[in-house]
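Student: I would like to learn how to read a structure like this one. Can we go through it feature by feature?
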Amino acid sequence: MVIIPATTGQMGVLPGHVPTIAELKPGVLSVHEGNETKKYFLSSGFAFIHANSVADIIVVEAVQVDHIDPSLVQKGLAEFTQKLSSATTDLEKAEAQIGVDVHSALNSALTG
């Protein structure tokens, strides 16, 4: 089973899943094989679930959750929060908001 962070919510995918295309948000992808679970943080992307039970996960970045440095996540969250509060243009606000969203999702991945 694979659990993906779709923009519509967490989506579990098992063999025989209906063919689907889903947009992914920053979050954790969990791969369950037997008693083992591997977790990866995804920045964003798309999931293509095919009729033959194959799932293609296309992302900009993916990293194993246990390879994430919590201190760097906190530092990045603080920096982007500061940038958001001092942003003066729509572009600066949008870029800072993306940084806050991604670092908040990273923080959630580490704590939950």
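Student: Which strand holds S30?
Tutor: This is a predicted model. In it, S30 belongs to strand β4, which spans residues 27-33.

Student: Is S30 buried or exposed?
Tutor: Look at relative accessibility; buried means under 20%. S30 has 9%, so S30 counts as buried.

Student: Now the helices. Where is G76?
Tutor: G76 sits in helix α1, residues 70-86. Its relative accessibility is 6%, so G76 counts as buried too.

Student: What about D101: which helix is it in?
Tutor: Helix α2, which covers residues 90-111. D101 is partly exposed, because its relative accessible area is 40% and that class lies between 20% and 50%.

Student: How many residues separate D101 from P26 along the chain?
Tutor: The count is 75, while the C-alpha atoms of D101 and P26 are separated by 7.7 Å.

Student: What share of the contacts joins residues at least 24 apart?
Tutor: Start from contacts between residues at least 6 apart in sequence. Of these, 40% join residues at least 24 apart.

Student: How do I read aromatic rings?
Tutor: A pair of rings is described by two things: the distance of the centres and the angle of the planes. A search of this whole structure finds 1 aromatic pair.

Student: Which residue lies over the face of F80?
Tutor: That is K83, at 5.1 Å from the ring centre of F80.

Student: Let us step back to the whole chain. What pattern does it follow?
Tutor: Read along the sequence, it runs β-β-β-β-β-β-β-β-α-α. That comes to 8 strands and 2 helices.

Student: How much of the chain counts as buried?
Tutor: The chain has 112 residues, and 29% of them count as buried. Its accessible surface is about 7,000 Å², with 57% belonging to carbon and sulfur atoms.

Student: What box do the C-alpha atoms fill?
Tutor: Along the principal axes, roughly 50 × 30 × 20 Å.

Student: And how are the charges placed?
Tutor: Compare mean positions. The chain has 6 positive and 12 negative charges, and their mean positions are 5 Å apart.

Technical notes:
Residues numbered from 1 in each chain as written. Predicted model: local features only at pLDDT ≥ 70, side-chain atom pairs only at ≥ 80, totals over all residues. Heavy atoms only, no water. Helix = DSSP H or I, 4+ residues; strand = E, 2+ residues; numbered from the N terminus. Buried < 20%, exposed > 50% of the residue type's maximum accessible area, 1.4 Å probe, protein only. Contact = heavy atoms within 4.5 Å. Areas by Shrake-Rupley, 256 points an atom, 1.4 Å probe, with all protein chains shown as cover. Lys, Arg positive; Asp, Glu negative; His and termini not counted. Charge placed at Lys NZ, Arg CZ, Asp CG, Glu CD. Phe/Tyr/Trp six-rings, centres within 6.5 Å; stacked < 30°, edge-to-face > 60°. Lys NZ or Arg CZ within 6 Å of the ring centre and 35° of its normal.
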